[in-house]
Each structure stands twice: as structure tokens, then as C-alpha cells.
Amino acid sequence: MSPFSSPPNPQAYHEQVWNLVRQIPFGKVATYGQIAKLLPPPNGVEIEAYVAFAPRWVGGAMAACPDDVPWQRVINSQGKISERAGSEKQRQLLEA
């Protein structure tokens, strides 16, 4: 198992992700990878490892986000809604 299956301090990383996602304007979206690129690697994580794992870490943060985070504005690298539980609700929120 990789030593970077999650950030060294998941809660601190999640907070950074949520703060960025809160800044995505109404009517706009961002990808997991775009959000990851806007955040610096946590201490002790080499840039190569960060590039490889960070979009997944962003996904983990979004799966655990508080109610005030517009989670629906985060999409996959193909510019689509990832098929999973909640994807229909995400589509409805984005279309609204």
C-alpha cells in the first residue's frame, strides 16, 4: 500500500479543499485535478507523489464535505459528472 493513500493530515487538507470549492462561482465548475493543482503539497509529500494522488485526495474531501460546500461544482477530468450515488442530484443542482 502506498504511504500516500491519504494526505498526512487529512482534516487540514480537506479544509483547504473546502475553502477553495466555496470560492467556485455559481454557474462554474472545477475538476478534482484543478483543485489539487491550486493547493501546495503537504509537508513531507514529494511533488511527484502529490501530482499522482492529490485528485483522489480532493475526491475524498468532497465525499466528506460539510453542507456549506457546493460539492456539485466539482466534476471529473473529462468535464463530466462521475457516475455514482448522488450523480443525478448533482446534475439537477448544476442545471438549476
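Glu-83 is exposed, with 64% relative accessible area. In this predicted model, Glu-83 makes a salt bridge with Arg-91, and the closest N and O atoms of the pair are 3.8 Å apart. Arg-91 is partly exposed at 31% relative accessibility. Arg-91 also forms a salt bridge with Glu-88, with 3.9 Å between the closest N and O atoms. Arg-91 and Glu-88 are three residues apart in helix 4 (residues 87-95), so about one helical turn separates them. Glu-88 has a relative accessible area of 47% and is partly exposed. Through shared partners, these salt bridges join Glu-83, Glu-88 and Arg-91 into one network.

Side chains of opposite charge can pair when their charged atoms come close. The count of salt bridges in the model is three. Arg-22 and Asp-68 form one of them, with the closest N and O atoms 2.9 Å apart. This pair links distant parts of the chain, 46 residues apart: Arg-22 is in the loop between helix 1 and strand 1 (30-31), and Asp-68 is in the loop between helix 3 and strand 2 (74-75). Arg-22 is partly exposed at 31% relative accessibility, while Asp-68 is exposed at 51%. Asp-68 is classed as exposed because the cut-off for that class is over 50%.

| Salt bridge | Closest N and O atoms |
|---|---|
| Arg-22 and Asp-68 | 2.9 Å |
| Glu-83 and Arg-91 | 3.8 Å |
| Arg-91 and Glu-88 | 3.9 Å |

Helix 4 also holds Ser-87. With 9% relative accessibility, Ser-87 is buried. Its side chain reaches the backbone oxygen of Arg-84 at 3.0 Å. When residues up to four places away in sequence are not counted, Ser-87 touches Ile-81 and Ser-82.

The aromatic residues come next. The model has three aromatic pairs. Tyr-13 and Trp-57 form an edge-to-face pair, with ring centres 5.6 Å apart and 80 degrees between the planes. Tyr-13 belongs to helix 1 (residues 10-21) and Trp-57 to helix 3 (residues 47-63), so this pair ties together parts that are 44 residues apart in sequence. Both Tyr-13 and Trp-57 are buried. Tyr-50 and Trp-57 form another edge-to-face pair, at 5.9 Å centre to centre and 65 degrees between the planes. The planes of Tyr-50 and Trp-57 count as edge-to-face because their angle is over 60 degrees. Tyr-50 is buried at 3% relative accessibility, and Trp-57 is buried with a relative accessible area of 3%. Tyr-13, Tyr-50 and Trp-57 make up one aromatic cluster.

In soluble globular proteins, nonpolar side chains tend to be buried together. Here the largest nonpolar core contains 21 residues, and those with the most contacts inside it are Tyr-13, Val-17, Val-21, Ile-35, Tyr-50, Val-58 and Met-62. Helix 1, helix 2 (32-38) and helix 3 are the elements that give two or more residues to this core. Helix 3 supplies the largest share, seven residues.

Leaving aside neighbours within four places in sequence, Met-62 is in contact with Val-17, Trp-18, Val-21, Tyr-32, Val-69, Trp-71 and Val-74.

At the level of the whole chain, the protein has four helices and two strands. Along the sequence, these follow the pattern α-β-α-α-β-α. A compact globule of 96 residues would have a radius of gyration near 12 Å, and the 13 Å of this protein agrees with that. Taken along the principal axes, the C-alpha atoms fill a box of roughly 40 × 25 × 20 Å. Of the 96 residues, 35% are buried. Among contacts between residues at least 6 apart in sequence, 56% join residues at least 24 apart.

How values were computed. Residues numbered from 1 in each chain as written. Predicted model: local features only at pLDDT ≥ 70, side-chain atom pairs only at ≥ 80, totals over all residues. Heavy atoms only, no water. Phe/Tyr/Trp six-rings, centres within 6.5 Å; stacked < 30°, edge-to-face > 60°. Buried < 20%, exposed > 50% of the residue type's maximum accessible area, 1.4 Å probe, protein only. Salt bridge = Lys/Arg side-chain N within 4 Å of Asp/Glu carboxyl O. Core = buried A, V, L, I, M, F, W, Y, C linked by side-chain atoms within 4.5 Å. Contact = heavy atoms within 4.5 Å. Polar contact = N/O pair within 3.5 Å; in protein donor to acceptor, adjacent residues only side chain to side chain. Rg over C-alpha atoms; globule rule 2.2 N^0.38 Å.
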